Amino acid sequence: MMEKDKSTHPAWISAFSGLRFLIIIFLCFHHFDAFNDLQVPGWTEIMRLLTEGYLSVNFFFILSGFVIQYSYGFKLRQGILGARSFLFYRFAHLWPTYLLALAAALAVYAGAYAPSYLKTGSFWCHVFMVQSWIPDSNFAFNFNGAAWAISTEVFFYLLFPCLVQLKDKYRNALMVGLWGIILLNILVMGASSPIASWILYINPVFRLAEFLLGIWLYDLFRSGLFAPSSKKSATVMEVMAVLILACSVGIAMSANLGWEWRWQIFYTIPTAVLIYVFSFSRGYLSALLGCRVARFLGELAFPIYLIHQILINLAKRLFLPQLVNCQSIMLVGTVAIVASVLLAIPIQFLFAKPLNHWLRSWSNRHIQVEN
């Protein structure tokens, strides 16, 4: 594969914008599990579908590998961008919004007792994004529960400057080896281990397999394999990719597939196919997902991810007396999601984006690019 091809592609694959937003919204509905303890009649049946929103974790870890390789792989291999600059750029993108959401979670969940948490090691583990390494799901879900995935993502970023220098065959061998270990763990241990949920859902080392799959998908994308030849064929592929994912959700629900299979195995291929097909951005669905409105909403995906669970729990607390049936729960939960989208706008465009721009400018002045 020719390295020069990397310099000719667009800065961003527009279809990914709308796709990110839609998958994030599906995840938001997944976190309606906050209402499960209310034991409202009929709610269990509704949550059977909404629970499948955790497939977004597979999607975003794979997408992350694809996008990071797409955006930075060539620059790191050629020495155009140094490893220190790359890591600083990624932290500048993540940390400000992450810390803002962590502070919001502490205020909402702890209230007047929030200052006491500043003295705990648990809190500082979350501040420095290492919570996913503690083999305890409850620990990772403390404070802002959704943020565990950012902790795992940071591990990918730290490894990426090394991964990108590996020959393709060695990197792919590492990916296949990890998937083999994951499958073996499921077959031998299954859900019997006391830390099974951490091992199969949070564990950064196992989740690296999805990031590596994303890198491999980008390399496949560059080869042009299965690239659609026309807008019509691209649209057919896009519709088929969406249907495959939808059918996968239906199969998982009807077969009552065990969570240990759903979390990291079952949805991997459907989400990978979705990402690969839409990476070409040639069909009518891609055009819709890459329109101006979709691009705007896609930019909000990260702050929505970090604040939506907090707002859902806050809405539950505020409207608890009214949550007596499925309709009221869906209404309150949906209002919380809409509030998350609206609040994400100032967070992204008045806080995160300007701060990220300033940090990158500071970095360009003070961090020497390695050759």
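**Salt bridges, packing and backbone**

Modeller: Asp168 and Arg171 are both part of helix α9 (residues 168–188), where three residues, about one turn of the helix, separate them. Helices here are DSSP runs of H or I with at least four residues, strands are runs of E with at least two, and both are numbered from the N terminus. This is a predicted model, in which local features need pLDDT of at least 70 and side-chain atom pairs count only at pLDDT 80 or more, while totals for chains, interfaces and linings use all residues. Residues are numbered from 1 along each chain as its sequence is written, and side-chain values use heavy atoms, with hydrogens and water left out.

Biologist: What do Asp168 and Arg171 form, and how far apart are the closest N and O atoms?

Modeller: They form a salt bridge, with 2.8 Å between the closest N and O atoms. The term requires a side-chain nitrogen of Lys or Arg within 4 Å of a carboxyl oxygen of Asp or Glu. Asp219 joins Asp168 and Arg171 in a network of salt bridges.

Biologist: Is Arg171 buried or exposed?

Modeller: Arg171 is buried, at 2% relative accessibility, whereas Asp168 is partly exposed at 32%. Buried means under 20% relative accessible area, exposed over 50%, and partly exposed in between, with a 1.4 Å probe and protein chains only.

Biologist: How many salt bridges does a search of the whole structure find?

Modeller: The search finds six. Among them, Lys316 and Asp37 meet through their side chains at 2.8 Å, N to O. That pair links distant parts of the chain, with Lys316 in helix α17 and Asp37 in the loop between α1 (15–30) and α2 (43–50), 279 residues apart. Lys316 is buried, with a relative accessible area of 13%, while Asp37 is exposed at 54%.

Biologist: Which residue forms a salt bridge with Glu210?

Modeller: Arg207 does, with the closest N and O atoms 2.7 Å apart. Both residues lie in helix α11 (residues 204–223), three residues apart. Glu210 is buried at 0% relative accessibility, and Arg207 is likewise buried at 0%.

Biologist: Changing topic, at what angle do helix α17 and helix α18 pack?

Modeller: Helix α17 (residues 301–318) and helix α18 (residues 326–366) pack at about 140°, with their axes 8 Å apart. That makes α17 oblique to α18, since angles under 35 degrees count as roughly parallel, over 145 as roughly antiparallel, 65 to 115 as roughly perpendicular and the rest as oblique. Axes are lines fitted to C-alpha atoms over the stretch in contact, and angles run from 0 to 180 degrees between N-to-C directions.

Biologist: Which residues of α17 meet α18?

Modeller: Those of α17 include Ile304, Ile307 and Leu311, and the α18 side includes Ala336, Leu343 and Ile347.

Biologist: Finally, the backbone: what phi does Phe226 have?

Modeller: Phe226 has a positive phi of about 65°, although it is not a glycine. Most residues other than glycine have a negative phi. Phe226 is in the loop between α11 and α12 (231–254) and is exposed at 60% relative accessible area. Ser281 also has a positive phi, about 50°, and lies in the loop between α14 (268–279) and α15 (284–289). Ser281 is partly exposed, at 27%.

Notes. Contact = heavy atoms within 4.5 Å.
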